[in-house]
Amino acid sequence: MLKLIKLVDSYFEECLCSLMLGYIAISLNIEVFNRYFLNSPSAYTDEIARTLMIMLVFLGVPWAVKSNKHVIIDLIPTTKAWQSKRIVIEFISHIIFIVFCLFFALAAYRAAEFHHMLGSTTEGLGIPYWMLLGALPGIFALTIVRLLQRIYVLLKTRNATDPQESINV
């Protein structure tokens, strides 16, 4: 059971993004073939591809946090003399990012609730918008988990992490 948890923890975002991107690539290629060679376009392929692409962008956030490959602007030199200050600033930046994720998840929840009340659906497939928006609080909860893992590693090692280092909890 522990191996399964570690496997999911290590590869969850990568597998989900890979599956989504693979589906987008295959379905759009089939759509191009159907549209131009068979003259039989489908109504749903573009809508699903657009929705999955948006979800890919949001799923990239916890993946970037986990692998520590997000955009970082170094304002403090990377010398040993500045090491303790870098730890404090990295800790504060993670806390600020957690607060942002909480606000964003709350706003996405309220938007999903609003669309549920309205009963609005997508144009082609008729998927309720609240279902699409309902995934965002979960994605940002995952981002918070990854940020808490990053803070744990930071406090455990007592040094600022290398920008290329990923989480190994």
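**A tour from a pocket to the core**

By class, the residues lining the second largest pocket of this predicted model are seven nonpolar, three polar and three charged. To find this pocket in your viewer, select Thr-51, Ile-54, Thr-122, Tyr-129 and Leu-132, which lie nearest its centre among the 13 residues of the lining. The space in the second largest pocket comes to about 290 Å³. If you then colour the helices, you will see that α2 and α4 each supply at least two residues of the lining of this pocket, and that α2 gives the most to it, with six residues.

Next, select Ser-120, which lies in the loop between α3 (83–118) and α4 (129–133). Leaving aside residues up to four places away in sequence, Ser-120 touches His-115, Ile-127, Pro-128 and Tyr-129. Show the side chains of Ser-120 and His-115, and you will find a polar contact between them at 2.7 Å.

For the last stop, select Cys-17, Met-20, Ile-24, Ala-49, Leu-52, Met-55, Leu-56, Leu-59, Ala-108, Leu-136 and Ile-139, the 11 residues that form the largest nonpolar core. At least two residues of this core come from each of α1 (2–36), α2 (45–67) and α5 (135–157), and α2 gives the most, with five residues. Within the core, centre the view on Ala-49, which touches Ile-24 and Leu-28 when residues up to four places away in sequence are not counted. Apart from this core lies another, of eight residues, including Val-65, Cys-101, Ala-105 and Ile-144.

How values were computed. Residues numbered from 1 in each chain as written. Predicted model: local features only at pLDDT ≥ 70, side-chain atom pairs only at ≥ 80, totals over all residues. Heavy atoms only, no water. Helix = DSSP H or I, 4+ residues; strand = E, 2+ residues; numbered from the N terminus. Contact = heavy atoms within 4.5 Å. Polar contact = N/O pair within 3.5 Å; in protein donor to acceptor, adjacent residues only side chain to side chain. Core = buried A, V, L, I, M, F, W, Y, C linked by side-chain atoms within 4.5 Å. Buried < 20%, exposed > 50% of the residue type's maximum accessible area, 1.4 Å probe, protein only. 1 Å grid on protein atoms, 1.4 Å probe; cavity = no way out; pocket = protein on both sides within 12 Å on 5 of 7 lines; lining within 4 Å. Points joined across faces, edges and corners; volume = space filled by probe spheres on them. Nonpolar A, V, L, I, M, F, W, Y, C, P; charged D, E, K, R; others polar.
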